[in-house]
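User: I would like to go through the terms used for this structure and see what stands behind each of them. Please set each value against its definition.

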Amino acid sequence: MKDQFGRTIDYMRISITDRCNLRCKYCMPDGCAKVSMSQILTYEEIERICRVAARLGISKIKITGGEPLVRLGCTDLIRSLKATDGIDEVTITTNGQNLCQYIDELKSAGADGINISLDTLDAERYEYITGGGRLENVLQAIDAAAASGVRTKLNCVLQAGFNDDEVLRLAELGFQKEIDVRFIELMPIGIADPSQGVSNEEVLRILMERWPDLQRDETVHGNGPAIYYKRPGTDGAVGLISAIHGVFCAGCNRVRLTSQGQIKPCLCFEEGTDIKPYLQQSDEALEAALRDAIYRKPAAHCFTEEQFGSGDQRLMSQIGG
Ligand code: SAM
Ligand code: SF4
């Protein structure tokens with residue numbers, strides 16, 4: 001469906017849990033707020049929302065969190081969503097810590113893509129930034145995901161003075177493994193400090209200096225705003241998601257559904273529609289509520305320095321990054 005500015009909205013990112021097995025410094029260093037299971041949408045409720053959203057033209061779903069693979073039955077949900085009329089694509093974003101044990105299930109459930117977060121290739125740094133994660137686990141997961149044949153991508157968030165010296169190593173990993181590596185600018189969500197972020201303009205400068213033959217790749221790689229670059233003769237590409245410095249709101253195609261049932265039309269703003277009361281009503285009433293929530297999507301984010309602080313104060317894990 002179209003929103004009030006005429007943008008086609010066909011993609012929903014769904015957080016299925018606020019919980020996580022890691023404690024990333026810029027995401028939830030102190031863990032997530034305690035939320036009881038009764039406040040969290042059940043899988044049946046998520047399935048129903050997706051079935052109704054599909055009637056409005058939502059055809060692509062991303063399962064995220066928190067860490068989606070810590071919630072039991074995540075792969076069954078993916079299987080069920082894949083079987084939903086009108087849903088063409090279901091993908092997942094994970095930190096990869098326990099992905100190896102789920103790869104076969106994800107593949108057989110029909111997952112169309114796996115995005116794995118990896119900010120550093122240094123084991124000590126990894127343990128520090130993730131609050132105890134093991135680099136070895138995620139590297140094994142990347143290999144298993146790539147070998148499974150399910151489209152695999154890496155997401156990296158750079159921070160000045162921490163991992164901004166790893167741009168080339170991370171990009172190289174993608175070229176070697178023939179998978180896309182995307183650099184996402186640090187966003188002022190929750191406790192993240194945007195002054196620590198590294199602009200993708202700087203990332204591109206570093207990449208071009210090392211690989212002057214890097215070329216803009218116009219082929220479609222996914223649903224998002226990433227701008228891709230390729231080296232001739234290689235399969236992996238580098239994607240730049242310029243969440244702060246890029247102006248991609250005019251082409252935004254997405255809404256979010258939080259684990260507690262809020263339709264959040266823009267990542268930046270706290271406002272959204274609590275969809276839970278409509279789950280007690282007919283599909284028609286639910287559809288009308290979803291339509292209204294999506295239609296009112298704001299024109300653009302508020303991640304500029306002047307406005308920083310006016311945005312959503314919840315953690316990324318609560319919003320569904
Ligand atoms: N736990 C999963 C993971 O880490 O991939 C899924 C949820 S996590 C919130 C999704 C993505 O959001 C991760 O790639 C993470 O690095 C990114 N993220 C978290 N906080 C962020 C921030 N403040 N700015 C930019 N990206 C952020
Ligand atoms: Fe967990 Fe992902 Fe947040 Fe890290 S970024 S704490 S892995 S939800």
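Analyst: Of the 321 residues of the protein chain, 55% count as buried, where buried means under 20% relative accessible area, exposed over 50% and partly exposed in between, with a 1.4 Å probe and protein chains only. This is a predicted model, in which local features need pLDDT of at least 70, side-chain atom pairs count only at pLDDT 80 or more, and totals for chains, interfaces and linings use all residues. Residues are numbered from 1 along each chain as its sequence is written, chains are lettered from A and ligands numbered from 1 in the order in which they are written, and side-chain values use heavy atoms, with hydrogens and water left out.

User: What counts as a helix or a strand in the protein chain, and how many are there?

Analyst: Helices are DSSP runs of H or I with at least four residues, strands are runs of E with at least two, and both are numbered from the N terminus. On that basis the protein chain has nine helices and twelve strands.

User: What makes the protein chain as compact as a globular protein of that length?

Analyst: The globule rule is 2.2 Å times the number of residues to the power 0.38, and the radius of gyration is taken over C-alpha atoms. For 321 residues the rule gives 20 Å; the protein chain has 19 Å, which is close to that, so the chain is as compact as a globular protein of that length.

User: Why is Phe248 called partly exposed?

Analyst: Its relative accessibility is 25%, so Phe248 counts as partly exposed. Phe248 sits in the loop between strand 9 and strand 10 (254-257).

User: Which residues does Phe248 touch, not counting those up to four places away in sequence?

Analyst: Contact means heavy atoms within 4.5 Å. With that cut-off, Phe248 touches Pro225, Ile241, Ser242 and Ala243.

User: Why are the buried residues of helix 7 placed on the same side?

Analyst: In helix 7 (residues 200-210) the buried residues are Asn200, Val203 and Leu207. They cover an arc of only 50° around the axis, so they lie on the same side of helix 7; the arc is that of the directions from the helix axis to the C-beta atoms. Glu201 and Glu209 are exposed on the other side of helix 7. The cover of the buried residues includes helix 6 (167-177), strand 6 (180-184) and strand 9 (237-241).

User: What is phi of Glu178, and where is this residue found?

Analyst: Glu178 has phi near 60°, a positive value in a residue other than glycine. Glu178 lies in the loop between helix 6 and strand 6.
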